[in-house]
Amino acid sequence: MKNLNNRICLAADCLLVNVALFAALMIKFDANIPENLLKIIPFNFLITTTVSILVFNIFGIYSMLWNYASVEELLKIFWATMTSVIVQLLLAAYFNVMFPVSVYITCWMITFYFIGGTRFIVRITRSIKAKKRKNTHKKE
């Protein structure tokens with residue numbers, strides 16, 4: 001965690017991975033999540049947050065230079081999010097707090113979109129700011 005942007009991404013990831021899981025549940029059950037599954041959501045949020053941050057760190061997601069994000073970085077995010085969700089599923093099964101498998105598949109797709117999207121928003125924002133600075137210096 002060398003810079004502020006990576007810390008912001010870490011905080012955003014903690015929120016987004018859980019939003020992805022909850023959204024996957026809402027999609028699966030048409031916003032009518034069964035009571036027995038509602039009871040295990042908090043423990044699953046703990047699993048999701050812990051596993052995701054550890055796996056993303058192992059894959060180097062927090063040490064990438066997002067100024068130069070490309071297909072290679074997107075592939076890292078693809079594999080990191082997939083690995084994270086697989087580990088979450090395995091831990092949930094171990095602790096007997098598992099959701100239907102389709103929830104984990106949907107969760108992975110949403111997580112990939114969220115995590116990849118936030119990184120490329122960072123890149124686009126930096127690119128726009130750099131162009132504005134460049135244009136400002138040309139006018140002077």
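A residue is called buried under 20% relative accessible area, exposed over 50%, and partly exposed in between, using a 1.4 Å probe and protein chains only. This is a predicted model, where local features need pLDDT of at least 70, side-chain atom pairs count only at pLDDT 80 or more, and totals for chains, interfaces and linings use all residues. Residues are numbered from 1 along each chain as its sequence is written, and side-chain values use heavy atoms, with hydrogens and water left out.

**Stop 1: I86**

Select I86. Is I86 buried or exposed, or in between? I86 is partly exposed, because its relative accessible area is 46%. I86 sits in helix α4, residues 71-94. Helices here are DSSP runs (H or I, at least four residues), numbered from the N terminus.

**Stop 2: helix α4**

The expected span is 1.5 Å times one less than the number of residues. Colour the buried residues of α4: E73, I77, A80, T81, S84, V85, Q88 and A92. An α-helix has 3.6 residues a turn, so residues three or four places apart point the same way. Just after α4, find N96, with a positive phi of about 60°.

**Stop 3: helix α3 and its packing**

Select α3, which has 18 residues. From first C-alpha to last, α3 reaches 25 Å, close to the 26 Å expected. Its buried residues include I41, I53 and F56. Just after α3, G60 takes a positive phi of about 80°.

Show α3 and α4 together. How do α3 and α4 pack? Their axes are 9 Å apart, at an angle of about 140°. Axes are lines fitted to C-alpha atoms over the stretch in contact, and angles run from 0 to 180 degrees between N-to-C directions.

Now look at the side chains where they meet. In α3, select N44, I47, T48, V51, S52, V55 and F56. In α4, select A80, T81, T83, S84, V87, Q88, L91 and A92. Contact means heavy atoms within 4.5 Å.

**Stop 4: aromatic rings**

Rings of Phe, Tyr and Trp (its six-membered ring) pair if their centres lie within 6.5 Å; planes under 30 degrees apart count as stacked, over 60 as edge-to-face and the rest as tilted. How many aromatic pairs are there by this rule? The count comes to eight. Select F43 and F95: this pair is edge-to-face, because the ring centres are 5.3 Å apart and the planes are at 85°. F43 is in α3 and F95 is in the loop between α4 and α5, 52 residues apart. F43 is partly exposed at 32%, and F95 is partly exposed at 42%.

Next, select Y113 and F114. This pair is tilted, with 6.3 Å centre to centre and 45° between the planes. Y113 is exposed at 62%, whereas F114 is partly exposed at 23%. Then select F78, W79, W108 and F112, a cluster linked by ring pairs.

**Stop 5: I115**

End at I115, in helix α5. I115 is buried, because its relative accessible area is 1%. What does I115 touch, not counting residues up to four places away in sequence? Select D13, V17, F56, I77 and T81.

Methods
Helix = DSSP H or I, 4+ residues; strand = E, 2+ residues; numbered from the N terminus.
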